[in-house]
Amino acid sequence: MAEPEQSDTPAPEAQSLETQTIENPPLDFPIVGIGASAGGISAFEAFFATMPADNVPGMAFVLVQHLSRDHKSILSDLVRRYTKMEVFEVEDGMVVKPNCAYIIPPNRDMAFSQGALHLFEPSLGRSVRLPIDYFFRSLAQEKHDRAICIILSGTGSDGTLGARAIKGEGGMVMAQSLESTEYEGMPRSVIATGLVDFILPPKEMPAQLIAYVGRAFGTPILPVSPQTPQPADALDKIFALVRSQTGHDFSNYKRSTIIRRVERRMAVHQIDRLADYVRYLQLTRPEVDALFRDFLIGVTNFFRDPEIFEIIQKQVIPKIFVGKTANQTIRVWVSGCSTGEEAYSIAMLLRERMEELKEVFKVQIFATDIDRQALDHARAGVYPSSIIADVAPERLSHFFEQADPSGSSYRIHKTIRDMLIFSEHDLIKDPPFSKLDLVSCRNLLIYMGPELQKKLMPLFHYALLPDGFLLLGSSESVGDSGHLFASIDRRGKIYQRKPEVAGQVRSVVSTMSPRPPSTETTRQSNRGGTPESKISLHDIAIRTVLDHYAPVGALVNERGDILYLIGRTGAYLEPSPGEASMNIVRMAREGLRSDLTVALHRAVSHGITTVHPGLQIKNNGYVATAKLTVVPVLSDPEGTIPQGLFLVILESEAAPPKRSSDVAIAAVDGAAAGASLDLNDYIIRLKQELRGKDEHLQTVIEELESSNEELRSAHEEMQSVNEEMQSTNEELETSKEELQSVNEELATVNSELQTKVVDLSRSNNDMKNLLSGTGIGTIFVDHQLRILRFTPTVATLINLIETDVGRPVDQIRSTLRGYDRLAADSKEVLSTLVAKELEVESTAGAWYLLRIRPYRTLENVIEGAVITFTDCTALKNAQTALQKSETLRHLAVVVRDSRDAVLVQGLTGRIIAWNPGAEAMYGWSEAEAVTKNIRQFIPEADREPAIVAIREQCEAGLLAPLSQQRVTKDGRTVQVSIIASALVDDTGKTYAIATTEHPAVD
């Protein structure tokens, strides 16, 4: 929330004498952060070389590269060769402007805040610097969807966490294609997150970047013409497509967030109309997955918001362990865990608490999300080395281990990993966990609509134990559910479960997945509705036929998991004992399972309809005859019907059901009784059952033989690969020995070169510091007065640049006022060998002591002249100031010793000066008077006329005395005679008013 603005408007009387300047606010243009490390120079060159010269990009570029701490960067000079934009090496507080490029200086971290770039000393104690992540995160916080990041060639993983932050704010991410990089570590790390929008070589990036910015920030994308579908209708279609392919419903999420994500995907694919994008989603199934991942983007990192985690560690974690024994389980639920950083952070806090207590408790942390890719990443527990920016060194060494020898990634320690259970779980439709000590749902509710948030609060209340804790994000709250939770810390958004209210409805799970209204409910609602809402006769007839004559069945996937049930299936399916399962094979009753397994396998393997008639299915002591049919469901070309679905149909046949006991008796006594059971029918059924089991056994044998063949082939391939690897290993050992020898030779040569380079660098540094450290401008010329070298100090005085070396000094235009004899005086010194010295003034008003001396070598040979300029401006100014101070000293004595009161007041009336005469007349000391306004010395009745009279006298320039009244410190009112005069500066502008006051003579 913006802070109230403070008014700096001057008083009305001051506005007439002062001019105010109002600056226009800067435009909200995109900023492109480009990060690179090793191999980044060539990538930068390729990027800016292909930037269109005739097209203004309309954005700013900030280059962040891993630079050497001890050497000056030449990146700015290199970039200037390939672009017409202005290129700057960043200085602290530099304001960012569009169509400019900014280069980070060496040995600095950089952040973007309030439109400017700020430089910081690198953090101490860090073995790995992460300037790219540091800048990208600040850019995401400030620019949101107008933040763009590009990851170019480099080693390590710097930039990955920053790219995640930018994508979480709705920005765009580009990465260099791996085949075009010199070092692929950084691009590979960010590509592995699945967040990259474009993977391109650097030369193709500018065109795509300009096109994206033009689409995303140029014109509105959502349709507004009446001929096109309304955005709400199109969004409903998008929700339906996403729900059909992924099984997750986003219709209750905040529309503004969804629209921004959709618009960004449209800009990526250069699609203008929302209806066209809906069609594109229908034809392109991978785009549905990409949009789904964009909906799920979460900004997370270890110990995000450290202040809040400190509150959790001190106020929440200790209370969880109160009253717990070693055989009790601490249960935590982290909903929307994304890639697992927050869940692992809470696990570390719990582990640290157990170490403080020196006790071991069983801890279960359920970390859930609907993003399978993020969960796979979280289960692996491997994170880039850039996490050192968020994890303290003590925790890093205690809870992590290096995942590879290069140190580019860290793996969470097994003691922490074993505390967590990662699972795919939809908070909206799946039942919650229960008996929890802590629920963390941070920064998830802000993306959901109000109605959905209201439904989730009772769910969290149901899931928690009495006095359990709920953690929400910094922008979230329990809202209208204050009767369910008590606030523990408002700043940290930490709540504690209140006791359950009597009569409170606890059917939380059913409320999260509302069922369709029943037939009776629909019927009742239609009675009071309009005629258009009534069910048609056709629908009534179809519904009656389906209820009484249609077969029962189930819609299943390739694994047999039930997706939808048709009719009453209790005669054929029953829940299996043990862990609950919705697999149709496990739920099949006796007599159905084996045939169902064979039929489903055949339908999955060959894609054909399979029919098994005459099945004897046992159901609570009875045997029912049924026909089994498994039909593959054909998917449509548009992708609205997913692949891999099968319809299992069970139809009751005409044979009447018989008790299983009767069948058994008939089987035993059939030979003797004869009339009680048809033996031939019984034999046929046995043969059918035997045939079915033979087919099932044959199918299993075929699968086993196929698996054996595949394993045998894989084993042979592995043997071949193993032999090749052994051969390659021997070759590598030989190459390693040769490279070791070459490396030792190179090390020796490199050591020698390093010594020479250090010596040369030290000599150059000594010379540079000697010439420039003195602050004396120096020019070396030869006998022909050609410039040999010069110091930077003299460059602004004589207008010298590097290319002027070798030119005669008389061809250089100087800024010296009234002095054009530099060449002539130099020739005179070379001819007479007598030094010359004089004072000269520059056009800027600076004074210099000019000395010209012969240049003598160690052998006392004259090889030219040395021209030096010593700044003596301070000496000149001191002389002038001394003269002025002497004059002012005389004036000050007059004011000090005057018996009259001498006052100086500002244009607003504030007292600036107060002489001893004023102290004697009015009673206030100078320290007291300068804190007051002249209005306080004038009686209230005469205040405004008196002030106006003084100002009119100043503007008219009159020195006639004014008779006015003044109030003394002791409250007396005295009549005084005043002479007022305006004080003006060198430009003639009035800056104060001086008054001379003495008691009026009656």
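Student: Which residue is the bridge partner of I31 in β8?

Tutor: This is a predicted model, and in it strand β1 covers residues 31–36 while strand β8 covers residues 147–151. The two strands run parallel and are joined by five bridges. Within β8, the bridge partner of I31 is A147.

Student: In what order do the strands of the open sheet lie?

Tutor: Seven strands form this open sheet, and their pairing is parallel. Each edge strand pairs on one side only, the two being β3 (86–89) and β10 (198–200). Neighbouring strands are turned by 20° against each other on average, with direction ignored. Read across the sheet, the order is β3-β5-β2-β1-β8-β9-β10.

Student: What angle does the direction of helix α7 make with that of β9?

Tutor: Helix α5, residues 160–168, lies across β8 and β9 (172–176), and runs at about 150° to β8. Helix α7, residues 205–217, packs on the sheet and touches β1, β2 (60–65), β8, β9 and β10. The direction of α7 makes an angle with that of β9 of about 170°.

Student: For the chain as a whole, what share of the contacts with a separation of 6 or more comes from residues 24 or more positions apart?

Tutor: The chain has 30 helices and 37 strands, and buried residues make up 40% of its 1002 residues. Contact here means heavy atoms within 4.5 Å. Among contacts with a separation of 6 or more, the share from residues 24 or more positions apart is 60%.

Notes
Residues numbered from 1 in each chain as written. Predicted model: local features only at pLDDT ≥ 70, side-chain atom pairs only at ≥ 80, totals over all residues. Heavy atoms only, no water. Helix = DSSP H or I, 4+ residues; strand = E, 2+ residues; numbered from the N terminus. Buried < 20%, exposed > 50% of the residue type's maximum accessible area, 1.4 Å probe, protein only. Pairing = 2+ DSSP bridges. Axes fitted to C-alpha atoms, helices over the stretch in contact; angles between N-to-C directions.
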